[in-house]
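Here is a short briefing on one protein chain. Look over the sequence and the model first, then work through the points below.

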Amino acid sequence: MYTLTMNDGPDPGQRTDLEGRGLLLGRDPTCDLVINDVEVSRRHARLIAQSGGYAIEDLGSTNGTFIDGERIDGVVSLKSGASIRFGDRVSFVYEEVPADEAGTMSVPVKQEKPSTTPHYMPVPRYPTPPPPPVYMPEPAPPEMLQPAPAAAQEPALAPVRRRPRRKGIRLPLFTQRWMMIGAVLLILGACAAIFFFWYVDANYLWCDVFGGLISACR
C-alpha cells in the first residue's frame, strides 16, 4: 500500500491512501485530491498507477513539479520516501507502508458514481400497433390536366352619348370687356358731375344755370 502525506500546504499531515489507481491533483474542485493553494495550478499533476508503485506526471503547471528538489518534465517513477513539491509552498512525501498501518486520517480518493443505466432493454408488455397505412392519391390522367377554356367574355356595353347642353343667348353687352368700359364711363360721369356742381357753386351761377328751378332766383 502507498500513501501520500502532505508536509507543507493548506492541510499539513493530511494522508491519502493510494489504492491501485491514478490520482489527479490540483486546485480545481473536480480533481481527485483538491489542494487549495495559489501555488498549485488547477490541474497541476497526476499520479499514474504502475506495477510496483506509482509514477508522477506534470500537466504543464505554472510553478512546476519537483521530485527531491529537481523539476520534472514528463512522467517520472516514484520511489518510497520521495519528496514531491508543487511550487514553493506545497510538498508531499510518497511512502510505501503495510496495509494494516493505514491511519484513520487518510483521505479517501473520490470514487466514481456507479452507473444507473440498466444492462438490459425493457420489453413493453403489449406490442406497439403498427401505424395506419398512408394512402396517396393517384395522379390525374393527362387529359384532365388540360386548362379549362376561358369563360366567354361578355360584350362591352357601348358608351351612352349625352346630348350637349344648349348654351343660352349671351348678349355681348354683359361681357367682361363691356362691363369694364361701363364702369369707367360711370366713374368719369360722376367726376364730371361733381366738377360741374363745384364750378357752379364756386362762381355763384346757380341762378344762371338753374334759375327756373330755384324759387329764390325768380
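What percentage of the residues in the chain is buried? Of the 218 residues, 23% are buried. Bear in mind that this is a predicted model.

**Overall layout**

- The chain holds twelve strands and two helices.
- From the N terminus, the order is β-β-β-β-β-β-β-β-β-β-β-β-α-α.
- Take the contacts between residues at least 6 apart in sequence: 40% of them join residues at least 24 apart.

**Nonpolar core**

- In soluble globular proteins, nonpolar side chains tend to be buried together.
- Here the largest nonpolar core has 21 residues.
- Leu47, Ile56, Ile84, Phe86 and Phe92 have the most contacts inside this core.
- At least two core residues come from each of these strands: E1 (2–8), E3 (23–26), E5 (45–50), E6, E10 (82–86) and E11 (90–96).
- Setting aside residues up to four places away in sequence, Leu47 touches Leu4, Leu18, Gly22, Leu23, Leu25, Tyr54, Ala55, Ile56 and Leu78.

**A buried glutamate**

- Glu57 sits in strand E6, which spans residues 53–58.
- Glu57 has a relative accessible area of 18%, so it counts as buried, the cut-off being under 20%.
- The side chains of Glu57 and Arg46 are joined by a polar contact of 2.6 Å.
- Beyond its neighbours within four places in sequence, Glu57 is in contact with Ala45, Arg46, Ile48, Gly74 and Val75.

**A nonpolar surface patch**

- Which residues form a nonpolar patch on the surface? They are Trp178, Ile181, Val184, Leu185 and Leu188.
- Together these residues have about 500 Å² of accessible area.
- Leu188 belongs to helix H1, residues 176–202.
- Is Leu188 buried or exposed? Leu188 counts as exposed because its relative accessibility is 53%, and the cut-off is over 50%.

- Most residues other than glycine have a negative phi.
- Asp68 is not a glycine, yet its phi is positive, at about 55°.
- Asp68 lies in the loop between strand E7 (65–67) and strand E8 (70–71).
- With a relative accessible area of 53%, Asp68 is exposed.

**Points to check in the viewer**

- Find the side chains of Glu57 and Arg46 and their 2.6 Å polar contact.
- Then go to helix H1 and locate Leu188, one of the residues of the surface patch.
- Finish at Asp68, in the loop between E7 and E8.

Note on methods
Residues numbered from 1 in each chain as written. Predicted model: local features only at pLDDT ≥ 70, side-chain atom pairs only at ≥ 80, totals over all residues. Heavy atoms only, no water. Helix = DSSP H or I, 4+ residues; strand = E, 2+ residues; numbered from the N terminus. Buried < 20%, exposed > 50% of the residue type's maximum accessible area, 1.4 Å probe, protein only. Contact = heavy atoms within 4.5 Å. Polar contact = N/O pair within 3.5 Å; in protein donor to acceptor, adjacent residues only side chain to side chain. Core = buried A, V, L, I, M, F, W, Y, C linked by side-chain atoms within 4.5 Å. Patch = residues over 30% accessible without salt bridge, like charges linked within 9 Å, V, L, I, M, F, W, Y side chains within 5 Å. Areas by Shrake-Rupley, 256 points an atom, 1.4 Å probe, with all protein chains shown as cover. Salt bridge = Lys/Arg side-chain N within 4 Å of Asp/Glu carboxyl O.
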